[in-house]
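These are my notebook entries on a structure that I looked through chain by chain.

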There are 4 protein chains.
Amino acid sequence: MIKVGIVGGTGYTGVELLRLLAAHPFAELAAITSRAEAGRAVADLFPNLRGETDLAFIAPDPAQLKACDLVFFATPNGVAMTQVPGLLAEGVRIIDLAADFRIADREVWEQWYGMEHAAPELLAEAVYGLPELNREAVAEARLVANPGCYPTAVALGFLPLIENGLVVTDFLVADTKSGVSGAGRSASVANLMGEMGESFKAYAIPGHRHQPEIRQTLSRVSGQPIGLTFVPHLVPMIRGIEATLYARLNDRSVDLQALFAERYRHDCFVDILAPGSHPETRSVKGANSCRIAVHTPLDGDVVVVSSVIDNLVKGAAGQAVQNMNLMFGLDEDCGLKQVALLP
Amino acid sequence: MIKVGIVGGTGYTGVELLRLLAAHPFAELAAITSRAEAGRAVADLFPNLRGETDLAFIAPDPAQLKACDLVFFATPNGVAMTQVPGLLAEGVRIIDLAADFRIADREVWEQWYGMEHAAPELLAEAVYGLPELNREAVAEARLVANPGCYPTAVALGFLPLIENGLVVTDFLVADTKSGVSGAGRSASVANLMGEMGESFKAYAIPGHRHQPEIRQTLSRVSGQPIGLTFVPHLVPMIRGIEATLYARLNDRSVDLQALFAERYRHDCFVDILAPGSHPETRSVKGANSCRIAVHTPLDGDVVVVSSVIDNLVKGAAGQAVQNMNLMFGLDEDCGLKQVALLP
Amino acid sequence: MIKVGIVGGTGYTGVELLRLLAAHPFAELAAITSRAEAGRAVADLFPNLRGETDLAFIAPDPAQLKACDLVFFATPNGVAMTQVPGLLAEGVRIIDLAADFRIADREVWEQWYGMEHAAPELLAEAVYGLPELNREAVAEARLVANPGCYPTAVALGFLPLIENGLVVTDFLVADTKSGVSGAGRSASVANLMGEMGESFKAYAIPGHRHQPEIRQTLSRVSGQPIGLTFVPHLVPMIRGIEATLYARLNDRSVDLQALFAERYRHDCFVDILAPGSHPETRSVKGANSCRIAVHTPLDGDVVVVSSVIDNLVKGAAGQAVQNMNLMFGLDEDCGLKQVALLP
Amino acid sequence: MIKVGIVGGTGYTGVELLRLLAAHPFAELAAITSRAEAGRAVADLFPNLRGETDLAFIAPDPAQLKACDLVFFATPNGVAMTQVPGLLAEGVRIIDLAADFRIADREVWEQWYGMEHAAPELLAEAVYGLPELNREAVAEARLVANPGCYPTAVALGFLPLIENGLVVTDFLVADTKSGVSGAGRSASVANLMGEMGESFKAYAIPGHRHQPEIRQTLSRVSGQPIGLTFVPHLVPMIRGIEATLYARLNDRSVDLQALFAERYRHDCFVDILAPGSHPETRSVKGANSCRIAVHTPLDGDVVVVSSVIDNLVKGAAGQAVQNMNLMFGLDEDCGLKQVALLP
């Protein structure tokens, strides 16, 4: 059994990790910390876990975490980087679900996250935990930076095109939409149901932190800087991300359907739909799956990709468990075979 | 009083027309027809109209319609074109809320709508009823083609850019999202709440009928063919359209905020938000308003416009009443001063 | 013109008052106060009001309020009672949308609201502003206690039965359901869309403040204490209340349909539906209307009433404007003729 | 392995059965029939099942069903009763998720379902499949009538009270609320999202088929006829039922909390919440669980129970699998350990 700790388990990513770990045959949850909820039973905060766990939140406690094989950080940005060095030194492996180690360029990170990085020496070592891109590196990693939700949906949709040099990379568009659980579980007027319900809007058009993260991934694959316009939107539903990606083709002769299918032939969590399909976010609700359709509408000089994930699963906790499986030599889909809840 | 008839008032566009006309000081609803609901009280089908109207649906009846000053067609595509010539001959003016007269090129229309046009001789005369573009022509028109919902939101967002030649027009992207009332009020499994609720998806990526309509508008303004990739999406809410528009700027020096404000200075139903804003669909729910924000994110070589309307109001029935006001010499906002319902 | 002030206009009741007053021909908004938002344009907080008002929130200012003919309090419970005496002394009339003056029995009020009453001398004078019950008293009132949202729906549904002594009054059941706007616009985890969306629950079963308010109304009408079990529920939608009321009939021979119709024959905002109907909350969305159906299912010894209102309109701001109309001798429906938004 | 057949798997109950059976270690889906969808891949209709099953729908085929150990009927009412006798004769065991065998009294059944019963000789044999009431009988049954969704939530909430004679049984009230998936997956205007979204209403107040089903269960337990007023409502969400139950206590001295806990001590799928709790439907979304809270508000002479289930799981497919487990000697929770999806 893998002895697992969770730091900061009171948000939506935390409860989703708990749901998935409850069904995992080889992981044993040893400790879950929360400064605010210390002493409270986990199942009291999240009633869906009644009968699944007797654990209570504990105050942050390095000793208990150091006794774990693996610690997940489900904390706000800026927390993991202060605790990770100490845990690594004790031989604990880390998966950070926040953004602390996602961007290799310290300056870029500090500019977008508005603080000084507390562990810049680890930026080079941290592995960007998108298994479909970095499977081998994840398996060897001490420290995995679990990708952002939008970056997962966008990168998986663009990768086959960029890897094969098929599109003009100076004007890529990613128009993305997320359910409200992506905004987190903190009290705020903007996230009330009275504010978000029955309404749709774009946000962060001037710039969003996931833009440099996606640009880093795609630029590495491309071998040159790419130009990406990234606009996120808020959808009045709880779970799900859809990304619609646009790029000009510089080669219309390629069979994109076959290319996408081939690219992800060995990736059990990426599903390329039949030609003409439109993936629905509900088809992945609660499942660690990314479903993708590729189109070349009308004149055929533009490629349009639609990619869907559950932001809390393949976009966060599920991908983290997938990375854990790789790090500990388990089957990649161990504990992740849940069928999406439809309707 | 303008004596008004409605043909086909049992859909969402129909009930919205009724709601607006009930508040209009100079319009008098004389007849409303429906083959399926003939004999049934309007307020029985639409309980929000209880106490507002005593009218019952009648079977289609040319005589009653010919006695009207104006007839709205809120029918499926292909119906208006068979009845309009006869009514025009009697001096009745027409606003068609369907697509029969929106596209001037008969071949293009027949290709997208999959039927032969029954009144091609009227295509040249029909005025495309986007008042912010064709105000004077609408005022003089016998036959107005009320624009589609997506085309209204997209055209109003792109117009200032295209009219001033500020963007590269061979790769425009319109990523649009609509509430489910846009899918109509016909029984179908796909439109059940069990199917649409808590889910988001793109649809019609290979091609949607609003693409040629938008392309026609923008190409006319541009003076040359434009390249437009148009992808609609379905949002799990009832009312509202948001269009996010992307284009490369060929001149970064222009003050786009000032340009948009100036362009719509005299248009009471177009509201340009302050720099940095993100319009929400709920800010126009039930109102005949289009709210727009213009951005140049990050590097500044791409312009992003976000434009919102209520698909049933400025995207359909409200715009139709706005056109009626122009045609009959009334104040453009007569009967259209409803404040949006928020929350 | 009635010169109107609003104290505390940043909640959902406040924005709804503003929407309705914007359409009122004889009310002029002179001042709106908010400690937290002083200096901010009202239309900046509530974008649906862009173009409707140039007013900005001001800090609480007795001088400006004293210059008004009427002041609405849309404040949390406990605020109005501290300011009302001073305003009354200046001849200003008051409509309190909070609970400060709803319960005549000071002890009961203090027990349920957990504070000492600051103006108990006004409790006897305050008129409970349910026009369908107290129309004449409202017209004469200096101080009107605008009823709670649930109490409005429940009282209108029970009144005809209690007034006529038709039901056993020691075991009345009111099972009520409200959209989330009833929970207000304050930041709290419980009211996030991630918490409230796609879920339904009862709350406050041990006791809710609206129970003594309803009991007071019905006991007065009955002439004896009534036994009422009141359970509210939260519905994942924004606006609307439905109340399902249950009581045993002690006389099965009465024509309840006729009785209800007769009871509300002169009440323009109460609509008794045809036999066999089921009112939908959407049929009153945005409208100052209460729609009611009365049934005697199966064996016929139990009466079931279903009553719907928009909690922000007939359940709050609309009823307040209705009361204002009565107080100033206007037509009762002046400025309140909005048709409900459906769909 | 249990060889399983499903008749009529194209509705929401069908897809949920498929989701649960995909995770069941001892059930093997051998055949699924649908007249309308014969030949179509199951995963094509329900994209959440992509990768889970290669099965296609087949036309109804007695031979394939007779080769099964167990056949589930997920058909409209009136279908199972025509096919069950033939299958039983071949030794196939049956779980009918429709209503054909739920009511033992043929006359009552025929009155409520409006057709002649085709297999009345089986009504006495059929076991009402509420395991918490009839566990032993289910284990021995050839034919199980899977309870309705509302009856499951209501019966589990009332049972401890009725079994112990604690309440006055001539005036029980069950005010119940269901998500829209309970209305099924057939095309109809009434079930469109444009009709159901953002609205709440009661329906079937004059009488609903689940009333006699619940009355039968409670009357049997009570040993005498009970008087039940049952009103269902429609909630704008997809999954979930909440039932609020009201009864007068005839003995206030009993510790109801302890009584409920004791009653369900050995029932792994019934969870009695702590005193003062209010169960949320989301706490059981996707899980085969019923969570219950019991209250005695205010004066203490009335008991109020709130009971929640997922209508498609404990209210249909999950309970069916629970019954299958009992019939085949498996652990009752085999394949049913899914944690509810929250948020």
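**Entry 1: a strand pair in chain B.** I began in chain B, where I looked up A202(B) and found that its bridge partner in strand 9 is H233(B). Strand 8 of chain B and strand 9 (residues 228–235) run antiparallel and are joined by two bridges; helices (H or I, at least four residues) and strands (E, at least two) are DSSP runs, numbered from the N terminus. Two strands count as paired if DSSP finds at least two bridges between them. In general, strands of a sheet pair through backbone hydrogen bonds, either parallel or antiparallel. I then followed the whole sheet of chain B, which is open, has seven strands in the order 8-9-7-10-13-12-11 and shows mixed pairing. Its edge strands are strand 8 (201–202) and strand 11 (270–272), each of which pairs on one side only.

**Entry 2: how I read the model.** I noted that this is a predicted model, in which local features need pLDDT of at least 70 and side-chain atom pairs count only at pLDDT 80 or more, while totals for chains, interfaces and linings use all residues. Residues are numbered from 1 along each chain as its sequence is written, chains are lettered from A and ligands numbered from 1 in the order in which they are written, and side-chain values use heavy atoms, with hydrogens and water left out.

**Entry 3: the sheet in chain D.** In chain D I traced an open sheet of six strands in the order 2-1-3-4-6-5, with parallel pairing. Strand 2 (27–33) and strand 5 (127–128) of chain D stand at the edges with a single partner strand each, so one side of each is left without a neighbour in the sheet. Strand 3 (residues 70–73) and strand 4 (residues 93–96) of chain D pair in the parallel sense over four bridges, and F73(D) has D96(D) in strand 4 as its bridge partner.

**Entry 4: strand 7 of chain C.** Is strand 7 (residues 172–179) of chain C enclosed or open? Eight of its eight residues are buried, so strand 7 of chain C is largely enclosed by the rest of the structure; buried means under 20% relative accessible area, exposed over 50%, and partly exposed in between (1.4 Å probe, protein chains only). In a regular strand the side chains alternate between the two faces of the sheet. Here L172(C), A174(C), T176(C) and S178(C) point one way, V173(C), D175(C), K177(C) and G179(C) point the other way, and all are buried. Strand 7 of chain C pairs in the parallel sense with strand 9 (residues 228–235) over eight bridges, and D175(C) stands opposite V231(C) there. With strand 10 (residues 241–248) of chain C, strand 7 pairs in the antiparallel sense over six bridges, A174(C) having L245(C) as its bridge partner.

**Entry 5: chains A and B.** I next looked up where chain A meets chain B, and found 46 residues of chain A in contact (heavy atoms within 4.5 Å) with 46 residues of chain B. The two chains bury about 4100 Å² between them, 61% of it on carbon and sulfur atoms; buried area is the accessible area (1.4 Å probe) that two parts lose on being put together, summed over both. In chain A, F171(A), E198(A) and F200(A) lose the most area to chain B, together 17% of what that side buries. Six salt bridges cross this interface, a salt bridge being a side-chain nitrogen of Lys or Arg within 4 Å of a carboxyl oxygen of Asp or Glu. One of the salt bridges joins E195(B) to R282(A), with the closest N and O atoms 2.7 Å apart.

**Entry 6: chains A and C.** For this contact I counted 19 residues from chain A and 19 residues from chain C. Chain A and chain C bury about 1500 Å² between them, 71% of it on carbon and sulfur atoms. In chain A, L192(A), M193(A) and I238(A) lose the most area to chain C, together 41% of what that side buries. There are two salt bridges across the interface of chain A and chain C; R185(A) forms a salt bridge with E195(C), the closest N and O atoms being 3.4 Å apart. Helix 8 of chain A gives the most to the side that touches chain C, with four residues.
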